[in-house]
Amino acid sequence: MTDTPRAVLIDDIATLVTNDPGLGRGAVGEIADAALVIEDGRVAWAGPRTRAPEADARVDAAGRCVLPGFVDSHSHIVFAGDRSREFAARMSGQPYSAGGIRTTVAATRDASEAELLENARRLVGEARAQGTTTLEVKSGYGLTVADEERALAVAARVTDEVTFLGAHVVAPEYTDDPQGYVDLVTGPMLEACAPHARWVDVFCERGAFDEESSRRVLTAGVERGLLPRVHGNQLGEGPGVRLAVETRAASVDHCTYLTAEDVDALAQAARRPDPTVATLLPGVDFSTRQPYPDARALIDAGALVALASDCNPGSCFTSSLAFCVAVAVRDMGMTPEEAVWAATAGGARALRRTDVGHLGPGARADLTLLSAPNHLYLAYRPGVPLVAAVWKDGELVSGRP
Ligand SMILES: [Zn+2]
């Protein structure tokens with residue numbers, strides 16, 4: 001710490017995305033010819049470079065873009081095994097179903113804790129190199145008390161945003177007794193897992209958990225001090241959105257199949273002080289050849305929309321939020337600005353975080369320098385590695401400026 005300069009000025013930023021409309025133009029609070037000062041891991045100042053204060057050190061952005069680090073509010077990176085052949089089969093015409101998760105469950109149970117941690121760390125590093133500075137991580141490939149607890153202990157070593165997803169699918173041992181599995185998840189498994197987690201999640205979908213079981217899982221989690229979030233409306237219309245709004249979940253994720261009532265409920269929920277965010281996962285729909293969610297309808301209705309990766313070995317093995325932004329713009333009716341906001345500030349809302357997802361004074365200094373003059377390039381140049389450098393808590397953690 002002693003030889004780290006106290007205040008660092010990032011200077012000559014062609015476009016600074018602050019996500020603070022009070023600081024700059026439009027919803028993303030864009031400032032042209034900008035500068036930003038980092039001090040003690042936080043943003044101390046952001047504004048036009050001609051008014052930048054003095055600092056102890058200077059980083060030259062050289063006419064490039066700086067934006068908040070991506071906040072990826074949905075991933076499943078504690079796992080073992082390889083499902084590339086299943087992906088290839090699916091691309092050859094076989095349908096995706098929720099049950100494919102069991103393949104990963106078997107491999108994850110067989111793996112050592114060290115292997116799980118190494119894989120998770122590798123994926124966190126991979127995401128970070130692509131501009132992700134906050135990453136939520138779920139359990140859900142253990143499905144026994146011991147294996148779920150172990151997955152959460154691993155998750156807690158790589159992130160603060162840890163989610164208990166014992167209710168991912170019914171464990172294979174309980175195929176003939178799904179209610180018995182819900183009893184386990186809401187009883188001994190929750191007791192063992194809650195100390196490691198901030199969130200409780202449930203896959204509310206045909207083939208996974210029905211509305212009543214899902215409500216039990218969320219209610220039990222909340223009673224144990226966890227905050228609810230929901231997987232819903234991925235494979236068809238269903239009760240996921242309704243249940244998420246009813247339980248005041250921070251987010252309902254997927255939202256591929258929504259009724260007009262669902263869209264309306266999410267628009268209403270966006271006006272609460274504790275909103276339920278609609279988190280869209282374009283990589284999943286891409287990798288499973290599902291239709292894309294109608295982001296335009298959600299945004300026009302007034303719903304809050306986040307974009308996340310859902311990085312997992314089965315339905316979507318991307319850790320790239322830049323890719324998700326590009327797909328959301330190309331195929332989901334989002335403007336580039338809306339997509340960038342959704343992958344940063346939107347993700348922060350979906351995790352009920354006010355310290356990340358924006359670059360106003362006081363925010364965590366989690367930021368990305370792009371090899372591009374502005375943030376529109378994320379959608380304009382799909383598949384191109386544009387991330388030049390990433391800072392987390394004011395420390396350079398990937399690349400070089
Ligand atoms: Zn998921």
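Val-17 is buried: 29 other C-beta atoms lie within 10 Å. The cut-off for calling a residue buried is 20 or more such atoms, so Val-17 qualifies. This picture comes from a predicted model.

Where does Val-17 sit? Its place is in strand E1, which covers residues 7-17. Set aside the neighbours within four places in sequence. Val-17 is then in contact with Val-28, Glu-30, Leu-67, Pro-68, Val-340 and His-375.

## Confidence in the model

How high is the mean pLDDT of the protein? The mean is 96. A pLDDT of 70 or more is reached by 98% of the residues.

Helix H1 (residues 84-91) has the lowest mean pLDDT, at 89. Strand E5 (residues 70-72) has the highest, at 99.

The protein is divided into two domains. Domain 1 is made of two stretches, 7-69 and 358-399. Domain 2 is one stretch, 70-350. The centres of domain 1 and domain 2, taken over C-alpha atoms, are separated by 29 Å. Their contact takes 22 residues from domain 1 and 20 residues from domain 2.

Which elements give two or more residues to the side of domain 1 that touches domain 2? They are strand E4 (57-68), helix H14 (377-380), strand E15 (387-392) and strand E16 (395-399). E15 gives the most, with three residues. By class, this side of domain 1 has 13 nonpolar, seven polar and two charged residues.

## Helices H3 and H4

Two packed helices are described by the angle between their axes and the distance between the axes. Take helix H3 (residues 113-129) and helix H4 (residues 145-158). Their axes come within 10 Å and cross at roughly 40°. Is the crossing of H3 and H4 left-handed or right-handed? The crossing is right-handed.

Both helices supply residues to the contact. From H3 come Glu-113, Leu-116, Leu-117, Ala-120, Arg-121 and Val-124. From H4 come Arg-150, Ala-151, Val-154, Ala-155, Arg-157 and Val-158. By class, the contact of H3 with H4 has eight nonpolar and four charged residues, and no polar ones.

Methods: Residues are numbered from 1 along each chain as its sequence is written. This is a predicted model: local features need pLDDT of at least 70, side-chain atom pairs count only at pLDDT 80 or more; totals for chains, interfaces and linings use all residues. Axes are lines fitted to C-alpha atoms, for helices over the stretch in contact, and angles run from 0 to 180 degrees between N-to-C directions. Helices (H or I, at least four residues) and strands (E, at least two) are DSSP runs, numbered from the N terminus. A crossing is left-handed if the near helix is turned anticlockwise from the far one by less than a right angle, and right-handed if clockwise. Two residues are in contact if their C-beta atoms, placed from the backbone, lie within 7 Å. Ala, Val, Leu, Ile, Met, Phe, Trp, Tyr, Cys and Pro count as nonpolar, Asp, Glu, Lys and Arg as charged, and the others, Gly among them, as polar. pLDDT is the predictor's confidence in each residue, from 0 to 100. A residue is buried if 20 or more other C-beta atoms lie within 10 Å of its own, exposed if 12 or fewer, and partly exposed in between; C-beta atoms are placed from the backbone. Domain bounds come from an automatic or database domain assignment.
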